[in-house]
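Please open the model in a viewer and keep the selection panel at hand.

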Amino acid sequence: MPVGTAATVKGLTPADLRGAQTQIVLANTYHLWLRPGRETIETAGGIHRFMGWDRPILTDSGGFQVFSLESRRRLDDDGVTFASHLDGSEHRFTPENIVEFQQAIGSDVAMLLDVCVKLPATREEIAKAVHLTTAWARRSAALPSKAGTLLFAIAQGGLDAKLRERSARELVELDFPGYAIGGLSVGESREEMYATARATAALLPEDKPRYLMGVGTVTDLVASIDGGCDLFDCVYPTRCGRNGRAMTHGGELNLFNAAFTRDYDRLDELCDCYTCANFSRAYLAHLFRAKEMLGPRLLSYHNVYFVNDLMREARAAIDAGRWRNYAARDSNCSPC
Ligand SMILES: [Zn+2]
């Protein structure tokens with residue numbers, strides 16, 4: 001899922017997203033709650049109409065953003081109160097109002113409010129996060145359902161195998177249509193993240209989507225697919241796209257490197273996206289040096305296409321029973 005924080009994947013139109021093989025985008029509840037707010041989106045006829053995107057939209061719960069605010073939020077057993085990063089105004093998220101917000105704006109997949117702990121953390125802190133995340137999931141599960149919006153729960157537990165197991169088991173008992181693995185990419189090493197994601201995925205139902213949150217480099221995606229994860233989101237491809245970093249089959253390229261100013265090759269010889277089919281590395285390098293807005297646009301397009309293509313190839317490789325070969329090949333050539 002490309003990330004459309006404020007109901008837009010930066011620099012890309014919905015037509016671009018479709019052209020780049022995008023099936024689903026993610027939007028951030030925290031940001032939409034603060035601006036433009038629920039009423040504006042509801043009045044527009046829902047998030048799909050508001051942003052002109054007719055394919056699925058997953059909204060996160062805002063938990064991750066709120067817990068990143070640290071000094072500007074206050075957690076209690078019923079929810080979390082925080083100060084807006086925009087104007088300091090006070091807001092409160094509860095397991096109930098977060099689900100209601102996502103249902104009201106018409107999200108296809110709504111994430112439950114969870115408690116996310118930054119690592120390293122004490123076992124007590126992580127245990128408390130697991131306890132509250134389950135208690136909140138029970139409250140969310142008891143809410144009236146709304147046709148068209150699926151609720152996904154988020155398993156926590158830090159790097160603690162026992163707490164991960166407890167979190168996953170308690171949430172699976174509540175029988176949600178999908179599950180996310182949360183609380184990773186928050187300060188742990190890559191090896192720790194891979195091992196924890198793999199162990200947690202094994203505890204979640206195989207016939208439901210298993211979503212690893214906040215992961216998006218090629219190396220991380222391949223390792224996490226290998227570990228049993230199905231769904232991912234990350235700002236990485238578009239953030240790199242805005243900053244002159246191309247994700248390619250030959251690894252990452254920094255278009256600000258002098259060598260690219262006279263390199264008339266395709267950006268990625270194995271990619272058949274619009275950018276690669278029509279423009280040279282020299283032209284793209286020129287756009288970035290000249291600070292032309294077309295540069296970030298063309299490169300974001302390529303990076304999103306590239307990651308979607310990677311996922312499409314991964315699905316095909318799994319279906320054809322040749323995932324092992326594919327994973328070995330890909331981890332050799334893309335040290336992102
Ligand atoms: Zn391309």
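A residue is called buried under 20% relative accessible area, exposed over 50%, and partly exposed in between (1.4 Å probe, protein chains only). Helices (H or I, at least four residues) and strands (E, at least two) are DSSP runs, numbered from the N terminus. This is a predicted model, in which local features need pLDDT of at least 70 and side-chain atom pairs count only at pLDDT 80 or more, whereas totals for chains, interfaces and linings use all residues. Residues are numbered from 1 along each chain as its sequence is written, and side-chain values use heavy atoms, with hydrogens and water left out.

**First selection: residues 79-83**

This is strand β4, and five of its five residues are buried. Gly79, Thr81 and Ala83 point one way, while Val80 and Phe82 point the other way. In a regular strand the side chains alternate between the two faces of the sheet.

Two strands pair if DSSP finds at least two bridges between them; β3 and β4 run antiparallel and are joined by four bridges. Leucine 75 has valine 80 of β4 as its bridge partner, and a hairpin of two residues links β3 to β4.

Seven strands form an open sheet with parallel pairing, in the order β1-β2-β6-β7-β8-β9-β10. Its edge strands, β1 (25-27) and β10 (231-232), each pair on one side only. Select residues 210-212 to see strand β9, which is joined to β10 by two bridges in the parallel sense; tyrosine 211 stands opposite leucine 231.

Which span should helix α14 have at 1.5 Å a residue? The expected span is 1.5 Å times one less than the number of residues. For the 26 residues of α14 the expectation is 38 Å, and the end C-alpha atoms are 37 Å apart, which agrees. Just after α14, glycine 321 takes a positive phi of about 70 degrees.
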